Amino acid sequence: MPREELQTASEELRQASTAASDEAAQRRLYDLSDQFATLAAAENGPDHGRLARHLNALSELRDGAGEAVTAHIEAAEAAITAYRETVDGV
């Protein structure tokens with residue numbers, strides 16, 4: 001079952017990758033986008049720990065990024081947080 005919030009995060013990160021001027025940031029954002037697309041389509045969703053690690057990575061990428069990249073990262077973080085609120089556990 002697709003998880004819409006995770007798919008949204010994937011799409012926002014893909015757009016952030018396109019908007020990034022730094023090649024390393026582009027690659028990292030693109031890879032994270034792929035990971036979220038995979039998680040969105042997986043039979044079992046990610047746990048809190050995995051989501052927290054992704055949010056930390058996005059926080060690092062957001063620091064020093066331009067406005068367009070930051071806006072897409074923030075939208076992805078909001079979607080991930082919305083999904084995380086539906087995950088049982090911590």
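Axes here are lines fitted to C-alpha atoms, for helices over the stretch in contact, and angles run from 0 to 180 degrees between N-to-C directions. The model is predicted, so that local features need pLDDT of at least 70 and side-chain atom pairs count only at pLDDT 80 or more, while totals for chains, interfaces and linings use all residues. Residues are numbered from 1 along each chain as its sequence is written, and side-chain values use heavy atoms, with hydrogens and water left out.

**Exercise 1. Describe how α2 and α3 are arranged, and name the residues that join them.**

Step 1. Helices are DSSP runs of H or I with at least four residues, numbered from the N terminus. The axes of α2 (residues 23–41) and α3 come within 11 Å and cross at roughly 155°.

Step 2. Because angles over 145 degrees count as roughly antiparallel, α2 is roughly antiparallel to α3. The crossing of the two is left-handed, a term for a near helix turned anticlockwise from the far one by less than a right angle.

Step 3. Taking contact as heavy atoms within 4.5 Å, α2 contributes A25, R28, L29, L32, Q35, F36 and L39, and α3 contributes R50, L51, H54, A57, L58, E60 and L61. Sorted by class, this contact holds nine nonpolar, two polar and three charged residues, where Ala, Val, Leu, Ile, Met, Phe, Trp, Tyr, Cys and Pro count as nonpolar, Asp, Glu, Lys and Arg as charged, and the others, Gly among them, as polar.

**Exercise 2. Work out the direction of α3 relative to α4, and the make-up of their contact.**

Step 1. Helix α3 (residues 48–62) packs with helix α4 (residues 67–84) at an angle of about 165°, and their axes lie 10 Å apart. That angle makes α3 roughly antiparallel to α4, and the crossing of this pair is left-handed.

Step 2. On the α3 side the contact is formed by H48, L51, A52, L55, L58, S59, L61 and R62, which meet T70, I73, E74, E77, I80, T81, Y83 and R84 in α4. By class there are eight nonpolar, four polar and four charged residues in this contact.

**Exercise 3. Compare the span of α4 with the expected one, and find its buried residues.**

Step 1. The expected span of a helix is 1.5 Å times one less than its number of residues. With 18 residues, α4 reaches 25 Å from its first C-alpha to its last, which is close to the 26 Å expected.

Step 2. Buried means under 20% relative accessible area, exposed over 50%, and partly exposed in between, with a 1.4 Å probe and protein chains only. The buried residues of α4 are V69, T70, H72, I73, A76, E77, A79, I80 and Y83, and they pack against α1 (4–19), α2 and α3.

**Exercise 4. Is S33 buried or exposed, and which residues does S33 touch?**

Step 1. S33 is placed in helix α2, and with a relative accessible area of 0% this residue is buried.

Step 2. Leaving aside residues up to four places away in sequence, S33 touches S10, L13 and R14. S10, L13 and R14 are also among the α1 residues that meet α2, and S33 is one of the α2 residues in that contact.

Step 3. The axes of α1 and α2 come within 8 Å and cross at roughly 165°, and the two helices are therefore roughly antiparallel to each other.

How values were computed: Parallel < 35°, antiparallel > 145°, perpendicular 65-115°, else oblique.
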